[in-house]
Amino acid sequence: MELRFNFIYRTENKAKQTTEINNEDFSVAVNDSDGIISLTLKPNKKISFDKFEMTFDRQYKNTNRIFPNGYQSWTVSREYAPKDKMDEFNPRKFGVEKKNFNFLGMWGAGDLTFHQYPEKGGIFYGYSYGYIRQGGDITLYGSLSERAGYTIITFDTNESTVNIEKDLEGVWFDGEKEVLSLAIIDGEYDNAFDKYFELMNIDKPKVKRSCGYTTWYNYYTGVTEDIVRRDLDSISKLDTKVDIFQIDDGYERTVGDWLYPDEKKFPTGMKAIADEIHSNNMLAGLWLAPFAVTPKSYVFKEHRDWLVHDEKGRIHYASHNWGGFFALDIYNDEAREYIRNVFDTVLNVWGYDMVKLDFLYACCIIPIHGKSRGEIMCDAMDLLREVCGDKIILGCGVPLAPAFGKVDFCRIGADVGLDWDKKPFSREDVSTQNTLLNTVFRRHLDGRAFLNDPDVFLLRESNLKMPLSQREIIAEVNSLCGNLLFVSDDVAEYDAKQKQIFTETVTRPKAKILSASIDINNDISIDYSLNGENGNLTFNIKTGIKRIV
């Protein structure tokens with residue numbers, strides 16, 4: 001394999017570019033053996049890189065299918081045909097230029113503030129890993145570590161190349177460091193992913209397939225203690241055993257002040273609620289966005305020095321949610337102690353068994369302290385695993401590779417909408433169609449990196465804008481491809497048919513997915529083996545119509 005390089009860098013206040021791996025400023029040692037390519041940087045002087053990339057040739061066939069893994073949990077991730085276009089969201093359609101991308105955090109959840117979106121078809125990029133599939137076999141390209149910086153993998157069918165780029169913004173190198181370790185694995189789909197996770201030495205998840213309830217997709221921030229008690233009573237009366245009852249966003253006074261519940265909505269406090277959940281023989285779950293801080297919070301008003309600042313001392317919005325929020329600097333000693341105290345209280349004083357940790361990407365919205373975004377995210381996941389001990393973590397809104405082996409469950413798609421057809425505003429926005437695509441095409445992570453959370457299925461009639469036939473498709477896809485099966489319904493409203501669907505969805509064993517594909521007509525076909533019998537589910541992702549094959 002012939003490797004070509006491109007380096008754009010700065011040293012001694014000069015901007016330079018080279019395609020050579022040895023020059024007066026640095027050298028790159030290349031090791032290519034046993035299917036792993038590693039690049040080790042040896043700087044001769046202090047140096048930073050605006051571009052650090054490696055390219056090699058790859059011939060594509062019209063019958064190939066290409067999977068680029070999206071930036072984080074919510075980013076749409078699917079297979080493409082070689083001449084398709086990544087057209088889910090191109091900000092230039094809206095006349096948005098890069099310099100304005102993060103106005104009030106509007107684009108903070110994605111990568112558009114630091115990576116150029118492809119302008120034409122045949123170019124597919126993603127993060128940490130991706131593959132080219134031919135039938136049941138794939139060539140998998142996977143980074144073995146994101147601690148030096150995120151690995152951006154671009155499949156260009158126009159130029160017949162694969163390009164590997166490292167996001168090293170903000171890092172100055174003054175000593176030898178391995179910058180890239182990339183595995184290239186050929187083989188049958190499941191065998192290739194087994195090999196990839198073996199190379200990363202990621203332990204198998206310890207948790208089991210679970211079902212449960214979350215307050216979010218019915219009440220959102222309007223949840224109250226009375227609603228929680230009512231739905232807890234309803235779900236505890238089901239004949240089917242439910243494992244986890246989770247309270248989502250809305251219980252807290254404001255995002256960032258996690259130890260101060262809204263006293264009007266939760267007058268008895270969060271410990272009392274956890275105790276009631278336990279008395280109903282379920283694990284108690286609680287939602288937090290541990291790095292998020294709104295301007296209304298005590299933390300923001302009293303400790304702005306705890307927040308992520310750029311080199312000019314400015315704080316940056318991490319997202320537009322809740323009117324815009326900022327992120328904690330995980331390297332600030334006082335902020336870290338605050339985080340430790342929050343989790344000690346939630347897990348050990350209040351007694352929650354599981355925490356859903358959301359908007360985790362926020363901690364690495366910009367490079368800080370001479371660290372790349374990838375290193376920051378890896379350090380953040382190490383911190384969260386440490387402070388949670390052996391309690392269950394459900395990760396969400398997180399770049400996935402840093403979460404491998406650090407969380408027990410993980411969301412692998414966008415939030416489900418209350419209708420089938422909602423048009424997403426960004427690649428990370430709420431979208432039923434996009435989250436189903438992710439549930440199908442990120443299925444390879446399930447049981448290897450963590451157990452997949454495909455997001456909720458909803459069976460109720462109220463506060464929804466889709467027929468039962470579409471709700472059944474979501475439930476079936478989640479049950480076939482996922483391992484955390486949640487609803488947000490008051491199940492007391494279920495009729496006999498809805499109860500039957502619920503029971504079948506959460507008690508069905510995990511299927512073995514034999515193959516999955518999407519065709520030119522947007523039909524998704526899933527072949528699977530379940531209870532010793534083969535089956536097929538085919539539905540149109542655009543219309544939500546199930547087809548009999």
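Analyst: Ser160 sits in the loop that joins strand S10 (151-156) to strand S11 (161-166). In this predicted model, its phi is near 55°, a positive value in a residue that is not glycine. Most residues other than glycine have a negative phi. Ser160 has 18% relative accessibility and therefore counts as buried, the limit being under 20%.

Ser128 lies in the loop between strand S7 (123-127) and strand S8 (129-134). The phi of Ser128 is near 75°, again positive in a residue other than glycine. With 5% relative accessibility, Ser128 also counts as buried.

Positive phi values occur in hairpin turns as well. S23 and S24 form a hairpin with four residues between the strands, and Asn522 in that turn has a positive phi of about 70°. The hairpin of S24 and S25 has two residues between its strands, and there Asn531 takes a positive phi near 55°.

S23 and strand S24 (residues 523-530) pair in the antiparallel sense over six bridges. Lys512 has Ser529 in S24 as its bridge partner, and Ser515 stands opposite Asp527 in S24. S24 and S25 are antiparallel too, with eight bridges between them. Here Leu530 has Glu533 in S25 as its bridge partner.

The nonpolar interior comes next. In soluble globular proteins, nonpolar side chains tend to be buried together. The largest nonpolar core of this model has 171 residues, and those with the most contacts inside it are Phe49, Met54, Tyr352 and Phe404. Helix H7 (residues 373-388) gives the most to this core, contributing eight residues. Apart from this core lies another, of 16 residues, including Trp216, Ile244, Leu418 and Leu451.

Leaving aside residues up to four places away in sequence, Tyr352 touches Ile247, Met270, Ile273, Ala274, Ala284, Gly285, Leu286, Val346, Leu347 and Lys391.

The cysteines complete the picture. A search of the whole structure finds zero disulfides. Cys396 is in no disulfide, and the nearest cysteine sulfur, that of Cys410, is 7.3 Å away. The cut-off for a disulfide is a pair of cysteine sulfur atoms within 2.5 Å. Cys396 is buried, with a relative accessible area of 1%. Cys481 is likewise in no disulfide; for Cys481, the nearest cysteine sulfur is that of Cys410, 16 Å away. With 1% relative accessibility, Cys481 counts as buried.

Methods. Residues are numbered from 1 along each chain as its sequence is written. This is a predicted model: local features need pLDDT of at least 70, side-chain atom pairs count only at pLDDT 80 or more; totals for chains, interfaces and linings use all residues. Side-chain values use heavy atoms; hydrogens and water are left out. A nonpolar core is a set of buried Ala, Val, Leu, Ile, Met, Phe, Trp, Tyr and Cys residues joined through side-chain atoms within 4.5 Å. Buried means under 20% relative accessible area, exposed over 50%, partly exposed in between (1.4 Å probe, protein chains only). Contact means heavy atoms within 4.5 Å. Two strands pair if DSSP finds at least two bridges between them.
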